[in-house]
Amino acid sequence: MSDAVQYGADSQQLAVSCFVGNTLCGVDTEPVQEIVKPGQITPVHHAPAYVVGIMNLRGRVVTVIDLGMKLELGATALTPDSRILIVAWQGEALGLLIDTVVGVVPIDRAEMKPSPENVRGVQSAMVAGVCRVDDRLMALLDLPAVLAVDEGHVRN
């Protein structure tokens, strides 16, 4: 979280809050370039199962990752509320397929709590911390961990 945006004396960052399944997640706004509706997505054979495919975004080829599959929360169904967060990652644009965007929220890093001890595995490794947003808990995702290449779970 060293890339967090800081405002004055307190350390806050902005996060896009979104639902992945029934889980409220946050993604740091710094690498988010835009939020788009899913369009034509072409499957990629022999890619990891969490890779939905590729899409053409105004002349750029963007790899689309199903965030639900990556977090092992189940596949994200395409609905009218589905969105793709376009993020800058290692010189490329990647798309994160989510169920719905809630909004952009400020997060006070001083109030961030670690993941609960009973959360293990993929979710624990990909969550930077947990914070309260309105009346819900939101898992702030560790984007480098989420976007790390996982050679397992390859589709044919």
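This is a predicted model: local features need pLDDT of at least 70, side-chain atom pairs count only at pLDDT 80 or more; totals for chains, interfaces and linings use all residues.
Strands β2 and β10 pair in the parallel sense over 2 bridges. Within this pairing, G26 has L140 of β10 as its bridge partner.

C131 stands opposite M138 in β10. Together β9 and β10 form a hairpin, with 2 residues between them.

The protein chain holds 3 helices and 10 strands. Along the sequence the pattern reads β-β-β-β-β-α-β-β-β-α-β-β-α. Of the contacts with a separation of 6 or more, 58% link residues 24 or more positions apart. The chain has 156 residues, of which 40% are buried. It exposes about 8,600 Å², and carbon and sulfur atoms supply 52% of that area.

Five strands form an open sheet with mixed pairing, in the order β3-β6-β7-β5-β4. Strands β3 and β4 (51-57) are the edges, each pairing on one side only. From one strand to the next, the twist averages 30°. Inside this order, β5 (residues 60-66) and β7 pair in the parallel sense over 4 bridges. T63 stands opposite L94 in β7. In a regular strand, side chains alternate between the two faces of the sheet.

The largest nonpolar core comprises 26 residues. L67, L71, L96, L141, V146 and L147 have the most contacts inside it. At least two core residues come from each of β1 (12-20), β2 (23-28), β6 (83-89), β7 (92-98), β9 (127-133), β10 (136-141) and α3 (143-147). A second, separate core has 10 residues, including I41, V64, A93 and L97.

L141 illustrates the packing of the largest core. Leaving aside residues up to four places away in sequence, L141 touches C25, G26, V27, L67, L71, M126, V127, A128 and V146. Among these partners, L67, L71 and V146 are also listed with L141 for the most contacts inside the core.

Most residues other than glycine have a negative phi. R58 is not a glycine, yet its phi is positive, at about 50°. R58 lies in the loop between β4 and β5. With 62% relative accessibility, R58 counts as exposed because the cut-off is over 50%. D134 likewise has a positive phi, near 55°, and is a residue other than glycine. D134 sits in the loop between β9 and β10, in the turn of their hairpin. D134 is exposed as well, with a relative accessible area of 71%.

The average pLDDT is 86, and 83% of the residues score at least 70. Over residues 1-9 the pLDDT is below 50. Beyond near neighbours in sequence, this stretch has 17 contacts in the model. Residues 151-156 also stay under 50. For residues 151-156 the model has 19 contacts beyond four places in sequence.

Notes. Residues are numbered from 1 along each chain as its sequence is written. Side-chain values use heavy atoms; hydrogens and water are left out. Buried means under 20% relative accessible area, exposed over 50%, partly exposed in between (1.4 Å probe, protein chains only). Contact means heavy atoms within 4.5 Å. Accessible areas come from the Shrake-Rupley method with a 1.4 Å probe; for residues, only the protein chains shown count as cover. A nonpolar core is a set of buried Ala, Val, Leu, Ile, Met, Phe, Trp, Tyr and Cys residues joined through side-chain atoms within 4.5 Å. pLDDT is the predictor's confidence in each residue, from 0 to 100. Two strands pair if DSSP finds at least two bridges between them. Axes are lines fitted to C-alpha atoms, for helices over the stretch in contact, and angles run from 0 to 180 degrees between N-to-C directions.
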